[in-house]
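Subject: Structure handover

Hello,

Here is the structure I said I would pass on. My notes on it follow below.

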Amino acid sequence: MKPRRCLRRPACSNWRRMTRMAQEYEVFLGCAIPSRFNNYEASMRVIADELDIELLDFDGASCCGTVVLKSIDELSWLSMSGRNIALAEKRGHDIVTPCNGCFGSLKDCDHVLHDNESERKKVNKILSEVGLEYEGEARIRHFVEVLYDLKDEIADRIVNPLDGLKIAFHPGCHLIRPSTVAGFDDPELPRKVDELLELTGARSIPWNLKLRCCGSPLLISSEEVATEILKEKMSNAIESGANCIVTNCPACHTQFDVQVLGLEDEDGNSLELPALFVTQVLGVAMGIDSSKLGFELNRVQLDPIADILGL
């Protein structure tokens, strides 16, 4: 990947350094989190507050564009994602999102528009009609990236060790792939979020299907296939000794905490495991009041790990 550079503001390096120091971001929630996963948003916001990460509401956000639209009409996808990026740029802010799909879409769009002058000109012609311009200045970050930068501070704040919690961590596809765009972790052997989770005293177990897609994108076209993929993942997580499954992606969480309800293997054994967001695990270990972490909104019963979490 080409070295990152500003396209218009030669003096923006000082401005960006100041932004990083302030830990201030516009938070891009996407579509699924505000409508279906208030527990993820609540736990993210309370952790951000504890760690002095200022999350500014994203005024004027639309759908990120999604990788689904990219496969149908790439210019429309670039324009939708590019508009969101341009809005934050115009206000002088970087973007953080807790959604893997939004992260993948915005990051990929930024990658294309930054390096492809022809596509940038097409998109900026469209954006000019609404008074916007993509300039290539705003950084796009996933919330777990920001947390990883603060891992030493998080370690100092652990007051409720989660000994006995055996986590099957599922990073999701768009957090780490394509690696030349995501740029966060090793796409073949990711460990950064596992390191965060293990700060709590929990153990992130090795499991063979950790990197396999959860099947969520196929819910649009074939729920049957998506369910078979989910069955294989859950069976492997249980066989590997996990007592919960954790993710940082709302779409993947749909599989693990909604689609899994009532799911059984061929012998009639339940394939349900308590499903948590990364932010809920970190929050309870940091001693944050569990009523602020949204556990009551998790669909799969948390009884098997309630004592460990102190619920």
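**The cavity**

The largest cavity holds about 40 Å³ of space. Please keep in mind that the model is predicted. By the rule used here, the count is one cavity of 30 Å³ or more. Its lining consists of Phe169, Pro171, Leu175, Ile176, Phe184, Asp185, Pro190, Arg191, Lys192, Val193 and Asp194. Sorted by class, that lining has seven nonpolar and four charged residues, with no polar ones. Helix H11 (residues 192-198) supplies the largest share of the lining, three residues.

The largest pocket has a volume of about 770 Å³. Its lining is made up of 28 residues, and the closest to the pocket centre are Val68, Gly101, Ser216, Pro217 and Ala251. Two or more lining residues come from each of helix H2 (32-36), helix H4 (66-70), H6 and helix H13 (250-259). The top contributor is H13, with four residues. By class, 19 of the lining residues are nonpolar, eight are polar and one is charged.

H13 itself is mostly covered, as seven of its 10 residues are buried. Those buried residues are Pro250, Cys252, His253, Thr254, Gln255, Phe256 and Asp257.

**Helix H6 and Asn100**

Asparagine 100 belongs to helix H6 (residues 100-115). Is asparagine 100 buried or exposed? Its relative accessibility is 1%, and the cut-off for buried is under 20%, so asparagine 100 counts as buried. Setting aside residues up to four places away in sequence, asparagine 100 touches His142, Pro171, Gly172, Cys173, His174, Leu175, Asn248, Cys249 and Pro250.

As for its placement, H6 lies across S3 and S4 and runs at about 155° to S4.

**The four-stranded sheet**

There is an open sheet of four strands in the order S2-S1-S3-S4, and the pairing is parallel. Strand S2 (54-57) and strand S4 (140-142) are at the edges; each has a single partner strand, so one side of each lacks a neighbour in the sheet. From one strand to the next, the twist averages 40°. Within this sheet, strand S1 (residues 24-27) pairs with strand S3 (residues 94-97) in the parallel sense over three bridges. Valine 27 has valine 96 in S3 as its bridge partner.

**Strands S5, S7 and S8**

S5 and S7 run parallel and are joined by four bridges. Alanine 168 is opposite isoleucine 245 in S7. S7 also pairs with strand S8 (residues 275-277), again in the parallel sense, over three bridges. On that side, threonine 247 is opposite phenylalanine 277 in S8.

In a regular strand, side chains alternate between the two faces of the sheet. Strand S7 (residues 244-247) is covered on both faces: Cys244 and Val246 are buried on one side, and Ile245 and Thr247 are buried on the other.

**Leu127**

Leucine 127 is part of helix H7 (residues 117-127). With a relative accessible area of 3%, against a cut-off of under 20%, leucine 127 is buried. Leaving out neighbours within four places in sequence, its contacts are Ser79, Gly82, Arg83, Ala86, Leu132, Glu133 and Tyr134. Leucine 127 and aspartate 59 are separated by 68 residues in sequence and by 17 Å in space, C-alpha to C-alpha.

**Backbone points to check**

Most residues other than glycine have a negative phi, and most peptide bonds are trans. Two places in the model depart from this.

- Aspartate 52 is not a glycine, yet has a positive phi of about 60°. Aspartate 52 sits in the loop between helix H3 (38-50) and S2. At 57% relative accessibility, where exposed means over 50%, aspartate 52 counts as exposed.
- The peptide bond from arginine 177 to proline 178 is cis, with omega near -10°. Proline 178 is in the loop between strand S5 (166-170) and helix H10 (179-182).

Regards

How values were computed: Residues numbered from 1 in each chain as written. Predicted model: local features only at pLDDT ≥ 70, side-chain atom pairs only at ≥ 80, totals over all residues. Heavy atoms only, no water. 1 Å grid on protein atoms, 1.4 Å probe; cavity = no way out; pocket = protein on both sides within 12 Å on 5 of 7 lines; lining within 4 Å. Points joined across faces, edges and corners; volume = space filled by probe spheres on them. Nonpolar A, V, L, I, M, F, W, Y, C, P; charged D, E, K, R; others polar. Buried < 20%, exposed > 50% of the residue type's maximum accessible area, 1.4 Å probe, protein only. Contact = heavy atoms within 4.5 Å. Pairing = 2+ DSSP bridges. Axes fitted to C-alpha atoms, helices over the stretch in contact; angles between N-to-C directions.
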